[in-house]
Amino acid sequence: MVTSSPSVERRPRDPPPRTAPRPLLVALLALVLVGAGIGAYVGARQTGVFSLDRVDVQGAPRTTARRIRAALRPYVGESLVRFDRQDAERRLASVPEVADVHFDRDFPHTLKVRVRLERPVAVLRRGADAWLVSSTARVLEPLKRPYPRLPRIWLPASADISVNSTLDGAGAMGVAAVAPLRPLRLTARVRQVVTGDGELTLVLSSGTRLRLGDTGDLRLKVAIARRILPLTHGAAYVDVSVPERPVAGYNPRVAG
């Protein structure tokens, strides 16, 4: 007797596992993406897609902001992608009020310019002429009367002074003497700075002469003067040239 074996159900085979992309294909895709990126960058540099049409100045008054925009006008219409920060900084060096600057490209069409301004500390005098001077000894602008209530620094008629220049010699010494006054909150008003033989003297509105000596330890000397001036009312002079041994002197008729 012949018997038939039961039929066996065949299950379909599982599909072969996917293989990872071949290294050559991956490399080709990477090259395509890099090429597309380079093409987009070159296109952005050469076309008006990101052309600059607005300069947003922050941290400066209206007149200074106008000068900044005028200095940066050659960039208007150019691509923001091609913006040259170093060249822009050189252009803004022509604006005396600008001490420091930071640029931010706000795509698609705006350049933001954040500035830190010079801090005026003195009125520079040479004969009948006057200029405003910053804490970095930079000549900011010519002045006409009435002058600001700032210390006067007198220079001889032979001194060469021009806007946007930086003082040296006696002028720089005078600026070094008055620059710490506001940060250290010296309440006495300084009327004039006297320089000579490497010595600095501040003439106060009260008439007292504050002798600082040379330019060493100026912040310490001013801080000491701030403490002792209220205790020396009517003194002809206060000498802090040796900070460890401040001295006050009085006119005989006042002392008597």
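## Cores, sheet and salt bridges in a predicted model

Of the 35 residues in the largest nonpolar core, the ones that touch the most other members are Leu-124, Leu-202, Leu-212 and Val-240; a nonpolar core is here a set of buried Ala, Val, Leu, Ile, Met, Phe, Trp, Tyr and Cys residues joined through side-chain atoms within 4.5 Å. At least two residues of this core come from each of β4 (120-126), β5 (129-134), α4 (169-178), β8 (190-196), β9 (199-204), β10 (209-213) and α5 (218-228), and α5 gives the most, with five residues. Helices (H or I, at least four residues) and strands (E, at least two) are DSSP runs, numbered from the N terminus. Leaving aside neighbours within four places in sequence, Leu-202 is in contact (heavy atoms within 4.5 Å) with residues including Ala-177, Val-178, Leu-181, Val-190 and Leu-212. A second, separate core of 19 residues includes Ala-65, Ile-68, Ala-71 and Val-115. In soluble globular proteins, nonpolar side chains tend to be buried together.

This is a predicted model, in which local features need pLDDT of at least 70 and side-chain atom pairs count only at pLDDT 80 or more, whereas totals for chains, interfaces and linings use all residues. Residues are numbered from 1 along each chain as its sequence is written, and side-chain values use heavy atoms, with hydrogens and water left out.

Over the whole chain, the secondary structure comes to six helices and 12 strands. Of its 256 residues, 35% count as buried, where buried means under 20% relative accessible area, exposed over 50%, and partly exposed in between (1.4 Å probe, protein chains only). Among the contacts with a separation of 6 or more, 49% are accounted for by residues 24 or more positions apart.

Three strands form an open sheet of mixed pairing in the order β1-β3-β2, two strands being paired if DSSP finds at least two bridges between them. Because β1 (54-58) and β2 (98-106) stand at the edges, each with a single partner strand, one side of each is left without a neighbour in the sheet. On average, neighbouring strands of this sheet are turned by 20 degrees against each other, direction ignored; axes are lines fitted to C-alpha atoms, for helices over the stretch in contact, and angles run from 0 to 180 degrees between N-to-C directions. β2 pairs with β3 (residues 110-117) in the antiparallel sense over eight bridges, and His-102 stands opposite Arg-114 in β3. Helix α2 (residues 62-71) packs on the sheet, where it touches β1, β2 and β3, and its direction makes about 140 degrees with that of β1. Helix α3 lies across β2 and β3, running at about 145 degrees to β2.

A search of the whole structure finds eight salt bridges, each being a side-chain nitrogen of Lys or Arg within 4 Å of a carboxyl oxygen of Asp or Glu. The table lists some of them.

| Salt bridge | Closest N and O atoms |
|---|---|
| Arg-82 with Glu-78 | 3.8 Å |
| Arg-91 with Asp-87 | 3.1 Å |
| Lys-112 with Asp-106 | 3.8 Å |

Lys-112 is partly exposed, with a relative accessible area of 25%, and Asp-106 is partly exposed at 31%. Salt bridges that share partners join Asp-87, Arg-90 and Arg-91 into one network. Arg-91 and Asp-87 are separated by about one helical turn, because they are four residues apart in helix α3 (residues 85-92), and Arg-91 is partly exposed at 32%. Arg-82 is likewise partly exposed at 40%, as is Glu-78 at 38%.
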